[in-house]
Amino acid sequence: MSKKALLVIFALFVVGGSIFYFNKKSTNSCAIPKEVQLIKKIPVAEAREKLDKVYEGISGFGISDKEVKFIKKAGGAATYGEIKFESAQKLLDYLKPTKDDVFYDLGSGVGKFVLQAYLTTDVKKSVGIELSGTRYELAVKALKATAENDLFDPNREAKFLNENIITADFSDATIVFTCSTCYSEELMEKIAEKLIKLKPGTKIASLKEFKSGRLKKIETLKLPMTWSEESSVYIYIVEEEAQKAKA
Ligand SMILES: C[S@@+](CC[C@H](N)C(=O)[O-])C[C@H]1O[C@@H](n2cnc3c(N)ncnc32)[C@H](O)[C@@H]1O
């Protein structure tokens with residue numbers, strides 16, 4: 001082999017090696033540093049502590065008369081109250097969400113239960129639907145504050161929608177909670193119409209009973225809420241039979 005050919009091979013080797021080295025280096029520098037680990041879920045006590053901090057100064061109780069009128073006109077109920085943290089946790093323990101579940105709170109207020117379900121269970125998605133713009137904005141503020149504290153898992157989602165339950169799309173729900181104590185029978189019927197179309201096996205927890213009879217009631221729990229030491233929480237399941245009967 002000539003000297004020239006050897007020189008060309010040597011030059012190619014040096015250039016190729018450098019490209020490989022620098023590529024590898026830049027890939028490494030893009031990797032997530034060890035100290036920035038993404039969390040999947042955290043212990044209940046830690047979640048409570050974090051949420052208490054996040055929600056300092058955030059309240060869903062006071063909204064303007066204008067907004068109250070808007071909610072009523074849209075077929076909703078503006079009255080506010082919350083499920084307590086311990087009750088929400090008992091309910092989650094009962095419902096046993098898995099990584100395949102999508103959790104919805106229909107009428108999510110400032111979003112405490114949505115974030116609690118996200119932080120303490122494996123749910124792949126936790127969503128709150130809320131008609132009040134004020135409460136929705138506060139929920140988004142809390143979500144952002146939570147995200148700053150705990151780095152969110154990119155494979156899981158937590159979000160809020162400023163929408164009416166009547167028209168919102170929650171067709172991917174597999175677990176639904178609704179703090180429906182003050183909802184009208186008309187609103188309950190409209191919600192039931194949508195629930196009945198969800199995937200068979202979907203679990204629903206409602207503070208008001210559904211009169212439609214097309215959802216199968218499987219249990220009644222008694223849990224404290226912010227306004228009562230013992231509220232009934234009716235648990236329903238979406239049955240395949242009910243869907244066939246409707247078709
Ligand atoms: C009793 S609060 C429950 C808050 C939250 N789910 C909790 O348990 O902490 C009910 C919420 O439902 C909202 N709401 C009432 N009707 C609605 C509708 N049609 N669409 C969306 N939100 C509605 C109200 O504005 C209120 O914030």
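Mentor: Start with pairing: two strands pair if DSSP finds at least two bridges between them. Strands (E, at least two residues) and helices (H or I, at least four) are DSSP runs, numbered from the N terminus. This is a predicted model; local features need pLDDT of at least 70, side-chain atom pairs count only at pLDDT 80 or more, and totals for chains, interfaces and linings use all residues. Residues are numbered from 1 along each chain as its sequence is written.

Trainee: What makes strand 5 and strand 7 a pair?

Mentor: Four bridges join strand 5 (residues 203–206) to strand 7 (residues 231–237). At least two are required, so they pair. They run antiparallel. Ile204 has Tyr236 of strand 7 as its bridge partner.

Trainee: How do you know how strand 4 pairs with strand 1?

Mentor: Three bridges join them, and they run parallel. Phe103 stands opposite Ile175 in strand 4.

Trainee: Why are strand 3 and strand 6 at the edges?

Mentor: The seven strands form an open, mixed sheet in the order 3-2-1-4-5-7-6. Strand 3 (157–161) and strand 6 (216–223) each have a single partner strand, so one side of each is left without a neighbour in the sheet.

Trainee: Why are Ile175, Val176, Phe177 and Thr178 called buried?

Mentor: Buried means that 20 or more other C-beta atoms, placed from the backbone, lie within 10 Å of the residue's own. All four are buried. Ile175 and Phe177 point one way from strand 4, Val176 and Thr178 the other.

Definitions and conventions:
A residue is buried if 20 or more other C-beta atoms lie within 10 Å of its own, exposed if 12 or fewer, and partly exposed in between; C-beta atoms are placed from the backbone.
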